[in-house]
Amino acid sequence: MFAPRDAVMPQAGFVCYRCGHKLSPAERTFCGECASPIPVLIPAHSGCGASTLAAATGFRDGNESPYASDHKRALRLLVARTHHAGLEAARRELARRRSSGHVARLLLVPDAPGKLPKPLADEVLVIAGPTPSSRIPWVEAWRWAPGAATETFAKFFPTLAAQLTADHS
């Protein structure tokens, strides 16, 4: 059996992206410490990786927590894969939601390891437009254990947290 190169680490529990407060299951919409909204991951299409990201981050899965995404202060993050069909789905969803300001950031989940081909990278710039975007790193271990805590994602998460904090300061 092939083993992932990225070390899988034990899941330590979820913390608020903004203040680092350890979140309890009761804190479904807002952090009890700093009152920051818990991000809700809105899938742009099936198989986009929203559930995997929810498992890795403690953010709410928009498929499982529709009440959280309906809250007026919800921090909605649109999730899409970086293949052409995923980017087209993101384009449609952003156009649908842009007028209401219902997407805080576009999260792009790689569809393959390595650098995004230039035509797709150019497409990302056009699709995102004024919406801030973040590219999630390729995490090989998620092929076997979706959302598992890994060194790769642990190194990336502070960057994402800083981006979200800067977006909503």
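Student: Among the elements of the protein chain, which has the lowest mean pLDDT and which the highest?

Tutor: Where pLDDT is low, the predicted coordinates should not be read in detail. This is a predicted model, and strand 1 (residues 8-9) has the lowest mean pLDDT of its elements, 50. Strand 5 has the highest, 96. The average over the protein chain is 84, and 85% of the residues score at least 70.

Student: Which residues of helix 3 are buried?

Tutor: A residue counts as buried under 20% relative accessible area. In helix 3 the buried residues are Gly86, Leu87, Ala89, Ala90, Glu93, Leu94 and Arg97. They lie on the same side of helix 3, because the arc they cover around the axis is only 155°.

Student: Which exposed residues does the face turned away from the buried side of helix 3 carry?

Tutor: That face carries Ala85, Ala95 and Arg96.

Student: Now the aromatic rings. How many aromatic pairs does a search of the whole structure find?

Tutor: A pair of aromatic rings is described by the distance of the centres and the angle of the planes. The search finds 5 pairs. One of them is formed by Trp142 and Phe153, with 5.2 Å from centre to centre and 50° between the planes, a tilted arrangement.

Student: Where in the chain are Trp142 and Phe153?

Tutor: Trp142 is in the loop between strand 6 (133-135) and strand 7 (149-150), while Phe153 belongs to helix 5 (residues 151-167). The two are 11 residues apart, and their pair links distant parts of the chain.

Student: Are Trp142 and Phe153 buried or exposed?

Tutor: Both Trp142 and Phe153 are buried. Phe153 has 5% relative accessibility, so it counts as buried.

Student: Why is the pair of Phe153 and Phe157 called tilted?

Tutor: Planes under 30 degrees apart count as stacked and over 60 as edge-to-face, with the rest tilted. The planes of Phe153 and Phe157 are at 45°, so this pair is tilted; the ring centres are 6.1 Å apart. Along helix 5, Phe153 and Phe157 are separated by about one helical turn, because they are 4 residues apart. Phe157, at 16% relative accessibility, counts as buried.

Student: Which residues form the aromatic cluster?

Tutor: Tyr17, Phe59, Trp142, Phe153, Phe156 and Phe157 form one aromatic cluster.

Note on methods. Residues numbered from 1 in each chain as written. Predicted model: local features only at pLDDT ≥ 70, side-chain atom pairs only at ≥ 80, totals over all residues. Heavy atoms only, no water. Buried < 20%, exposed > 50% of the residue type's maximum accessible area, 1.4 Å probe, protein only. Arc of directions from axis to C-beta. Phe/Tyr/Trp six-rings, centres within 6.5 Å; stacked < 30°, edge-to-face > 60°. pLDDT = per-residue confidence, 0-100.
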